[in-house]
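Here's a quick briefing to get you started. Have a look at the model first, then read on for the main points.

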Amino acid sequence: MEPTLLKARGLEGSRTLSSYLSRGGYEGLRRALALGPQEVTKYVIDSELRGRGGAGFPTGRKWTFIPKDHPGPRYLVCNADESEPGTFKDREIIEHDPHLVIEGIAIASFAIGAHTAYIYIRGEFVRWAKVLETALAEARQEKILGPDVLGSGYPLEVWVHRGAGAYICGEETSLLESLEGKRGFPRLKPPFPAVVGAFGMPTIINNVETLACLPSILTRGPAWFASIGRPRNTGPKLFSVSGHVVRPGVVELPLGVTFREIIFEHCGGIRGGRALKAFFPGGSSAPVLTAAEVDTKADFDACAEAGTMLGSGGVIVLDETVDMVEVAANLAHFYAHESCGQCTPCREGSDWLVDILERILDGHGRPEDPDTILRICRFASQGMTICPLGDAFSLPISSIVNKFRDEFERRIAAATPAPQKKQPVLPWAGPRPGFGR
Amino acid sequence: MSTAPIHAAHPEELHEVRFDPTMESQIAELLTHYPVPRAALLPVLWLCQNRYGWIAPGVIEAVAARLGLAPAFVQGVVTFYTMFHTTPPARYVLQVCTTLSCSVCGAGELLAHLKERLGIGPGERTPDGTFQIVGVQCLGACGGAPVVQVNDDYYENLDPAKLDALLDELAAVKE
């Protein structure tokens with residue numbers, strides 16, 4: 001497939017405005033300004049573009065949730081928090097083609113009637129925040145942004161807002177709290193951000209990759225976009241592939257390729273000639289799939305049918321040497337560290353999972369532990385918490401217990417009794433670093 | 001170009017903080033980005049951390065006064081996020097990613113090597129104040145696992161030999 005989102009990768013000077021313009025840049029925005037907001041929204045609805053940040057919600061429909069005739073300002077927020085473990089695709093777009101993101105932001109802002117947009121980028125991405133700042137300055141200079149976008153009379157300002165280290169701020173309501181200068185505590189929904197968002201005003205939050213799809217939808221038409229993939233699962237998708245593959249990295253493929261193609265054809269297969277054991281198809285918050293499920297199609301609906309989710313498209317590949325109990329413990333550490341602490345099931349549940357999984361690894365597992373883990377996971381998911389972080393650890397960790405229960409039971413059968421001891425989780429305990437090989 | 005070291009201001013310099021005209025104008029510019037001053041809190045804290053190296057109690061007081069917020073509120077925000085230093089950091093903060101992809105690709109070996117070479121583990125710093133190790137969660141660069149972020153810069157696909165070369169280079173930089 002000819003790349004759309006990564007077509008600038010490998011070109012010299014691809015970050016500059018002149019390079020972007022020479023590749024037909026900002027033609028999509030010109031077309032959008034000529035079409036008008038309603039027609040742009042119709043284009044995006046017809047393209048069947050679904051959000052690339054994790055939830056896969058139809059982008060055009062999301063835009064229509066903004067109340068008509070709302071008097072106050074509206075905002076567009078580009079979510080560049082990219083904090084889901086196994087995901088590093090947005091950074092790739094920003095690194096090679098920041099103007100593609102800015103054009104997407106301008107198109108979306110125009111469609112929803114926003115005159116201010118923010119790019120919320122994770123705090124660690126200092127370099128990529130600077131790349132965006134530089135590109136924004138160029139765009140302002142050339143009157144692509146500012147009081148009169150491309151001479152159309154439509155005003156738009158775009159600002160970069162850097163986070164400061166918090167996984168939860170990738171969740172859209174937590175992101176809004178953080179944008180407003182507060183601790184990143186997720187908000188209850190409803191009201192949804194499209195109704196009450198940033199600064200109490202209607203706000204649309206779209207992922208970097210989602211926005212980067214917009215220029216080509218405008219220039220090549222929604223039918224072209226919808227012709228890639230299959231109905232309801234259309235368009236190109238970036239897959240971030242990491243772990244035990246020969247060539248880790250970001251690959252752009254049509255939705256609906258199989259994970260076998262992604263892992264074995266595009267990323268060179270498993271390192272060292274070893275066998276595939278398991279993989280997370282959409283970041284670490286997606287239920288794990290086993291080697292037997294590698295022919296699952298990588299799109300939203302096929303992943304849902306397989307009992308998992310495409311999520312952000314972060315494929316974490318694990319080979320046969322990996323101990324799945326260690327994987328579960330590593331993930332539990334991550335989520336315990338990143339739980340904001342508002343909701344008891346998530347805050348306590350993730351902490352208890354760390355305790356139990358560490359105890360099993362220390363050789364003191366108990367026969368009831370696998371069921372206790374599953375019970376904690378049920379308690380912390382399915383609407384028991386304000387935001388989906390409870391689900392984000394419950395789903396993958398319970399899937400590991402369900403699919404690799406024998407590994408837990410083998411350790412437990414050989415275990416010796418020991419008193420439960422509380423492990424420190426904060427501030428720097430971190431996950432178990434060394435996977436014992 | 002190698003990573004710039006952090007110059008952490010001495011705690012005594014930060015008892016009472018007054019922003020100089022450059023910082024004042026930067027803060028004024030940041031305030032134009034948002035409809036309410038509070039929203040500029042994170043950017044202003046970044047400005048301060050870049051300037052003073054860390055967020056001392058005196059800095060919290062000054063930021064709160066400038067943005068019309070309660071110091072306790074600012075303190076709450078500073079401590080929620082992991083990247084603000086509330087104590088003076090070493091010149092180089094080595095943030096070793098320990099989440100899944102980095103872990104299965106050798107983050108443990110990197111930490112063991114750092115322990116052997118520098119004698120410190122996560123949460124500790126060398127007595128001369130050159131290096132500090134922090135075990136961090138996913139840095140969003142899993143394709144280059146294992147990853148270490150040194151101050152603002154990412155170093156990817158590391159192994160003990162590359163890490164040694166990096167540490168040699170950083171340690172050689174004079175104040």
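Let's start with a sheet in chain A: four strands form an open sheet in the order E3-E2-E1-E4, with parallel pairing. Strands here are DSSP runs (E, at least two residues), helices are DSSP runs too (H or I, at least four residues), and both are numbered from the N terminus; two strands pair if DSSP finds at least two bridges between them. Keep in mind that this is a predicted model, where local features need pLDDT of at least 70 and side-chain atom pairs count only at pLDDT 80 or more, while totals for chains, interfaces and linings use all residues. Residues are numbered from 1 along each chain as its sequence is written, and chains are lettered from A and ligands numbered from 1 in the order in which they are written.

**The sheet in chain A**
- Strand E3 (157-162) and strand E4 (203-207) of chain A are the edge strands, each pairing on one side only.
- From one strand to the next, the twist averages 20°.
- Six bridges join strand E2 (residues 116-121) of chain A to E3(A) in the parallel sense, and A:Ile121 stands opposite A:Arg162 in E3(A).

**Two helices side by side**
- Helix H2 (residues 27-35) and helix H6 (residues 98-112) of chain A have axes that come within 9 Å and cross at roughly 10°.
- H2(A) and H6(A) are therefore roughly parallel to each other (angles under 35 degrees count as such; axes are lines fitted to C-alpha atoms, for helices over the stretch in contact, and angles run from 0 to 180 degrees between N-to-C directions).
- On the H2(A) side, the contact is made by A:Gly28, A:Leu29, A:Ala32 and A:Leu33, and on the H6(A) side by A:Glu103, A:Ala106, A:Ile107 and A:Phe110. Two residues are in contact if their C-beta atoms, placed from the backbone, lie within 7 Å.

**Where the chains meet**
- On chain B, 42 residues are in contact with 50 residues of chain A.
- Helix H2 (41-52), helix H4 (71-80), helix H5 (100-104), helix H6 (107-118) and strand E2 (131-136) of chain B each supply at least two residues of the side that touches chain A.

**Chain B overall**
- Chain B has seven helices and four strands, running α-α-α-α-β-α-α-β-β-β-α from the N terminus on.
- Its C-alpha trace spans about 50 × 30 × 30 Å along its principal axes.

Conventions: Angles under 35 degrees count as roughly parallel, over 145 as roughly antiparallel, 65 to 115 as roughly perpendicular and the rest as oblique.
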